Amino acid sequence: MSENTPTSGISADYAQRITDDLAANRSEQDRARAELTRLQDELVQLEEGEQILVKMQEVLGAAETPAPRKGKARKASVSVPAARRAKSGAAAGKAGSAPKARARAGQKAPAGRNAASKAAGEPTWRELVTGYLADQREPKSAAEVAAALTEAHPQRTTQVTVVRNTLEQGVAHGLLERSKQGRSVYYSPVPAADVETAAGTPAK
């Protein structure tokens, strides 16, 4: 019986090592499965983004058809300096013409500022996103919202990442709700009563 004691001790050590290796193997399998699930979700989002970008490209391609007019405008703008160069020899002796030109340029500057202020008056992304979802009966994904905004506002460059960030900001501010169906994330507006309650709470 004494001869079998060392052998049984070695077998117990090997059994314990095998048990530990098996537990580590299963833990790595769980980690690999979790990583695979994350990569699959990321792939789905990338595929949705690709579909939206293709639609945006088609919409923008149709909107940029009258491009030759820009070429004519550039030719006209190029011809203006040539005419000024032709007249520069005759106007070289008039030193007072330069201050007058600067004064006129200074008077035209506010017009550009007014035009910029008008462009800044367009609705924000949050207003566009919440307004669109308010008219929908079902939750929408970020890709669907981006596609709808691209069709409704072709003059604006719509990116899925910008729309997704805006949706997440709406969720953070209590304006939107997030729900998940399978691997896709959907957004819907918060009921008006809940929004008013959240708006009436004092900010800390």
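A crossing of two helices is left-handed if the near helix is turned anticlockwise from the far one by less than a right angle, and right-handed if clockwise. The model is predicted: local features need pLDDT of at least 70, side-chain atom pairs count only at pLDDT 80 or more, and totals for chains, interfaces and linings use all residues. Residues are numbered from 1 along each chain as its sequence is written, and side-chain values use heavy atoms, with hydrogens and water left out.

**View 1. Helix 5 crosses helix 6.** The crossing of helix 5 past helix 6 is right-handed. Helices (H or I, at least four residues) are DSSP runs, numbered from the N terminus. The two pack at an angle of about 115°, and their axes lie 9 Å apart. Axes are lines fitted to C-alpha atoms over the stretch in contact, and angles run from 0 to 180 degrees between N-to-C directions. Helix 5 brings A142, V145, A146 and L149 to the contact, and helix 6 brings V160, V163, R164 and L167. Contact means heavy atoms within 4.5 Å. By class there are 7 nonpolar residues, no polar ones and 1 charged. Here Ala, Val, Leu, Ile, Met, Phe, Trp, Tyr, Cys and Pro count as nonpolar, Asp, Glu, Lys and Arg as charged, and the others, Gly among them, as polar.

**View 2. Helix 4 against helix 6.** These helices pack at about 75°, with axes 10 Å apart. That angle makes helix 4 roughly perpendicular to helix 6 (65 to 115 degrees). W125, R126, V129 and L133 of helix 4 meet V162, V163, T166, L167 and Q169 of helix 6. The contact divides into 6 nonpolar, 2 polar and 1 charged residues.

**View 3. R126 on helix 4.** R126 sits in helix 4. It counts as partly exposed because its relative accessibility is 31% (buried is under 20%, exposed over 50%, partly exposed in between; 1.4 Å probe, protein chains only). Beyond four places in sequence, R126 touches T166, Q169, H173 and L175. R126 and L175 are 49 residues apart in sequence, with 9.7 Å between their C-alpha atoms.

**View 4. The largest nonpolar core.** This core holds 18 residues; I52, V129, L133, V145, L149, V163 and L167 have the most contacts inside it. Such a core is a set of buried Ala, Val, Leu, Ile, Met, Phe, Trp, Tyr and Cys residues joined through side-chain atoms within 4.5 Å. Helix 1 (4–63), helix 4 (125–134), helix 5 (142–152) and helix 6 (160–172) each supply at least two of its residues. Helix 5 gives the most, 7 residues. Leaving aside neighbours within four places in sequence, I52 contacts A143, A146, A147 and V160.

Methods
Parallel < 35°, antiparallel > 145°, perpendicular 65-115°, else oblique.
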